[in-house]
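Colleague: Could you take me through this model? I would like to begin with the ligand and then move on to the fold.

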Amino acid sequence: MSKKEELISKGYKAYENNEIIVFWKPDLCEHAAECIRGNNQVFDVNRRPWVDVSAASAEEISKIIDKCPSGALKYEIK
Ligand code: SF4
């Protein structure tokens with residue numbers, strides 16, 4: 001099973017482009033907003049979908065996700 005299949009089976013949603021897959025599990029999110037503080041173009045709760053992986057480099061997105069305190073956000077670099 002790929003990481004993507006595994007995380008989706010655990011309730012994560014996936015947002016992806018050619019460089020990165022961002023995973024998010026709503027019920028784990030503590031609304032600490034580290035993601036929004038990191039880049040509010042990538043992470044915007046007023047937009048659907050709220051994650052836009054095209055709004056920053058995969059490297060920048062991965063560094064922001066590393067600060068998510070809850071494990072609600074995860075990523076896989078392609
Ligand atoms: S940083 Fe993680 S816990 Fe905080 S709002 Fe973003 S996804 Fe939720």
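Colleague: How do the residues of the shell around the ligand divide into nonpolar, polar and charged?

Modeller: In this predicted model, the shell comprises eight nonpolar, two polar and two charged residues.

Colleague: Which residues are they?

Modeller: The residues around the ligand are Cys-29, Glu-30, His-31, Ala-32, Ala-33, Glu-34 and Cys-35, together with Cys-68, Pro-69, Ser-70, Ala-72 and Leu-73.

Colleague: Turning to the sheet, what is the order of its strands?

Modeller: The sheet is open, with three strands in the order E1-E2-E3 and antiparallel pairing. Strands E1 (13-16) and E3 (73-77) each have a single partner strand, so one side of each lacks a neighbour in the sheet. From one strand to the next, the twist averages 20 degrees.

Colleague: What packs on the sheet?

Modeller: Helix H3 (residues 58-65) does, touching E2 and E3. The direction of H3 makes about 145 degrees with that of E3.

Colleague: And over how many bridges do E1 and E2 pair?

Modeller: E1 and strand E2 (residues 20-24) pair over four bridges in the antiparallel sense. Glu-16 stands opposite Ile-21 in E2.

Colleague: Now the largest nonpolar core: which residues touch the most other members?

Modeller: Of its 17 residues, these are Val-22, Phe-23, Ile-61, Ile-65, Leu-73 and Tyr-75. E2, H3 and E3 each supply at least two residues of this core, and the largest share, five residues, comes from E2.

Colleague: What is Tyr-75 in contact with, leaving aside neighbours within four places in sequence?

Modeller: Tyr-75 contacts Ile-20, Ile-21, Val-22 and Phe-23, as well as Ile-61, Ser-62 and Ile-65.

Technical notes. Residues are numbered from 1 along each chain as its sequence is written. This is a predicted model: local features need pLDDT of at least 70, side-chain atom pairs count only at pLDDT 80 or more; totals for chains, interfaces and linings use all residues. A residue is near a molecule or strand if its C-beta atom, placed from the backbone, lies within 6 Å of it. Ala, Val, Leu, Ile, Met, Phe, Trp, Tyr, Cys and Pro count as nonpolar, Asp, Glu, Lys and Arg as charged, and the others, Gly among them, as polar. Two strands pair if DSSP finds at least two bridges between them. Axes are lines fitted to C-alpha atoms, for helices over the stretch in contact, and angles run from 0 to 180 degrees between N-to-C directions. Two residues are in contact if their C-beta atoms, placed from the backbone, lie within 7 Å. A nonpolar core is a set of buried Ala, Val, Leu, Ile, Met, Phe, Trp, Tyr and Cys residues joined through C-beta atoms within 7 Å. A residue is buried if 20 or more other C-beta atoms lie within 10 Å of its own, exposed if 12 or fewer, and partly exposed in between; C-beta atoms are placed from the backbone.
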